[in-house]
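Please open the model in your viewer and keep the selection tool at hand.

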Amino acid sequence: MELYSYYRSTSSYRVRIALALKGLEYQAVAVNLLKGEQRDPGYLAMNPQGRVPALRTEQGQLLLQSPAIIEYLEELQPQPALLPSDPLERARVRAVAAIIGCDIHPLHNVSVLNRLREAGQDEVQVNAWIGHWIAQGLAAVEQLIGEQGFCFGASPGLADLYLIPQVYAAERFNIDLAGYPRIRRVAALAAQHPAFSIAHPARQADAPAQ
């Protein structure tokens, strides 16, 4: 498989965690968003949306959008499972993932931030926008996840795949996480887990040298 990604993209990050948890091998293909490589004609011909991640399967099919890619990986390699077996618990896990993937992350996506700048917002206003939506979303997540272990138990699952990249983004934007003890607990556990470590942006080949 080939994963088209950008080291700092949180949606690419969550797919890398899923691949690592599943023990699936892949080749990373870097798409530099800052250089606009996502708008290159060759990439657009392959991926009309011009975003990352994209996953080319072993059969040569291209999959777009991290939720669909992660669902594909879950069906391709059911163990370890990213979702609990109970339908109600599955819905609760999916809800946390959706809060992050649908309500937090899109509002600080680089395309949204650039649109705000084009509309005349200065960096102070842009940063206030980012801080507001991340803080509001994480406050809800803090109340919905469990008090022990990862988000919903002793093993990482779908909600953790979404939460850890969002924590990375919050720290990058200098959001204070002191008021989120459950989230910080999960982040501390993930920092010790090999799948999360290998998927971290700093570990990617296209990350700038430290």
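Predicted model: local features only at pLDDT ≥ 70, side-chain atom pairs only at ≥ 80, totals over all residues.

Begin with the largest pocket, which holds about 1,200 Å³ of space. Select Ser9, Ser11, Val52, His105 and Asn109, which are the closest to the centre of this pocket among the 48 residues that line it. Next, colour the helices α1 (10-22), α3 (66-76), α4 (87-104), α5 (110-118), α6 (123-144) and α7 (158-172), each of which gives two or more residues to the lining; the largest share, six residues, comes from α3. If you then colour the lining of the largest pocket by residue class, you will find 21 nonpolar, 16 polar and eleven charged residues.

Move on to the second largest pocket, whose volume is about 250 Å³, and select Ala81, Leu82, Ser155, Pro156 and Gly157, which lie nearest its centre among its 17 lining residues. Here α4 and α7 each supply at least two residues of the lining, and α7 provides the largest share, with three residues. The lining of this second largest pocket divides into twelve nonpolar, three polar and two charged residues.

Finally, turn to the cysteines: how many disulfides does a search of the whole structure find? The search finds zero, and for Cys102 the nearest cysteine sulfur, that of Cys151, is 16 Å away. Show the surface at these two residues as well, since Cys102 counts as exposed because its relative accessibility is 53%, whereas Cys151 counts as buried because its relative accessibility is 0%.

Conventions: Residues numbered from 1 in each chain as written. Heavy atoms only, no water. Disulfide = S-S within 2.5 Å. Buried < 20%, exposed > 50% of the residue type's maximum accessible area, 1.4 Å probe, protein only. 1 Å grid on protein atoms, 1.4 Å probe; cavity = no way out; pocket = protein on both sides within 12 Å on 5 of 7 lines; lining within 4 Å. Points joined across faces, edges and corners; volume = space filled by probe spheres on them. Helix = DSSP H or I, 4+ residues; strand = E, 2+ residues; numbered from the N terminus. Nonpolar A, V, L, I, M, F, W, Y, C, P; charged D, E, K, R; others polar.
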